[in-house]
Amino acid sequence: MAWGRCSIWRDAGFGDPSTRGIRDNVKVVLFGATGMVGAGVLIECLDDSRVESVLTVGRRPCAVAHPKVRELVRADLFDYGDATDDFLHVDACFFCLGVSSVGMSEAAYHRVTYDLTIAAAQALLGLNPALTFCYVSGEGTDSTEQGRLMWARVKGKAENQLLRMPFKAFMFRPGYIHPLRGVRSRLRVYRAMHAVVTPFYPLLQRLMPKHVTTTANIGRAMIEVAAHGHAKPVLENPDINAVAGAG
Ligand SMILES: NC(=O)c1ccc[n+]([C@@H]2O[C@H](COP(=O)([O-])OP(=O)(O)OC[C@H]3O[C@@H](n4cnc5c(N)ncnc54)[C@H](OP(=O)(O)O)[C@@H]3O)[C@@H](O)[C@H]2O)c1
């Protein structure tokens with residue numbers, strides 16, 4: 001597939017806000033588009049003229065028909081040896097694939113949260129050394145990898161490994177995420193919670209601005225970081241809202 005003209009970095013010194021690079025025509029690869037966060041991020045990508053194309057990668061189709069979107073449905077999300085053509089000339093990866101740790105063993109959670117994520121990151125990095133990698137972890141992620149909470153330790157380990165890799169890595173740590181623009185969680189308990197919160201969301205935002213965000217804000221913030229970079233490699237919830245222009 002032809003991916004159109006290449007993106008342009010107008011500057012080096014990406015991490016320094018004073019000399020940060022500007023990237024336009026961003027070609028995105030999006031993991032997790034069938035999920036709540038990924039679906040919200042995809043909507044923002046479709047609406048933002050800075051995003052030239054989106055390759056969605058997952059084990060089932062997200063069924064979004066749009067000229068910008070191409071889908072890569074794969075049974076194996078751990079080995080991308082046969083996906084070289086698909087992964088070539090990508091500017092940014094928005095990694096929204098993830099799973100709740102509830103009811104999972106540490107080994108099973110580690111396999112999805114760490115092994116799968118790092119396999120995808122390595123495959124993309126090998127073909128795109130200038131890649132920007134945006135990873136959704138969560139508020140409370142444990143960078144020490146030593147804490148009491150299993151999910152936080154494993155997410156911390158994934159974050160730490162991504163931050164060690166030689167691409168521009170940004171960790172997104174949202175707190176409560178409110179779905180907007182028709183996005184729905186697949187989990188009944190989340191849908192019920194979102195229905196209860198919807199009328200009060202503006203109030204929640206005023207009372208707990210540091211701990212709440214939306215699917216739209218995460219998408220806008222990822223696109224902004226892919227386009228302009230960010231001074232901090234770890235974006236906590238308030239950073240996400242600020243970068244999205246809603247903080
Ligand atoms: N939702 C929140 O309030 C919240 C808050 C903070 C952080 N987060 C984090 O944000 C990320 C996304 O959450 P979400 O709410 O969007 O989750 P979600 O709605 O359950 O979506 C999860 C996505 O990951 C994919 N996935 C899960 N397990 C997989 C596996 N074993 N193999 C391949 N694909 C797999 C799903 O694909 P399928 O459709 O094929 O299952 C789906 O695309 C997670 O890492 C989560 O921890 C979420």
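Analyst: A definition comes before the packing: axes are lines fitted to C-alpha atoms, for helices over the stretch in contact, and angles run from 0 to 180 degrees between N-to-C directions. In this predicted model, helix H7 lies across S3, strand S4 (51–58), S6, strand S7 (132–136), strand S8 (168–173) and S11, and runs at about 155° to S7.

User: In what order do the strands of the open sheet follow one another, and is the pairing parallel or antiparallel?

Analyst: The open sheet is formed by 7 strands in the order S5-S4-S3-S6-S7-S8-S11, with parallel pairing. Its edge strands, each pairing on one side only, are strand S5 (69–73) and strand S11 (234–236). From one strand to the next, the twist averages 20°.

User: How many bridges join S3 to S4, and how many join S3 to S6?

Analyst: Between S3 and S4, which run parallel, there are 6 bridges, and Val29 stands opposite Leu55 in S4. Strand S3 (residues 26–31) is joined to strand S6 (residues 92–95) by 4 bridges, again in parallel, and there Leu30 has Phe94 as its bridge partner.

User: Which residues of S3 point one way, and which the other?

Analyst: The general idea is that side chains in a regular strand alternate between the two faces of the sheet. In S3, Val26, Val28 and Leu30 point one way, while Lys27, Val29 and Phe31 point the other way, and all are buried. The strand is accordingly described as mostly covered, with 6 of its 6 residues buried.

User: Which residues touch the most other members of the largest nonpolar core?

Analyst: That core has 57 residues, and Leu30, Cys93, Phe94, Phe95, Cys134 and Phe172 touch the most other members. Leaving aside residues up to four places away in sequence, Phe94 touches Val28, Leu30, Val41, Cys134 and Met222.

User: Why is Ala226 called buried?

Analyst: The cut-off is 20 or more other C-beta atoms within 10 Å, and Ala226 counts as buried because 28 lie within that distance. Ala226 sits in helix H7 (residues 215–228), and beyond residues up to four places away in sequence its contacts are Arg23, Val26, Asp91, Ala92, Thr132 and Cys134.

User: Which residues come nearest to the ligand?

Analyst: Of the 21 residues around the ligand, Thr34, Gly35, Val37, Gly98 and Gly138 come nearest. The shell divides into 10 nonpolar, 8 polar and 3 charged residues, and its largest share, 3 residues, comes from helix H1 (residues 36–47).

Key
Residues numbered from 1 in each chain as written. Predicted model: local features only at pLDDT ≥ 70, side-chain atom pairs only at ≥ 80, totals over all residues. Helix = DSSP H or I, 4+ residues; strand = E, 2+ residues; numbered from the N terminus. Buried ≥ 20, exposed ≤ 12 C-beta atoms within 10 Å, placed from the backbone. Contact = placed C-beta atoms within 7 Å. Pairing = 2+ DSSP bridges. Near = placed C-beta within 6 Å. Nonpolar A, V, L, I, M, F, W, Y, C, P; charged D, E, K, R; others polar. Core = buried A, V, L, I, M, F, W, Y, C linked by C-beta atoms within 7 Å.
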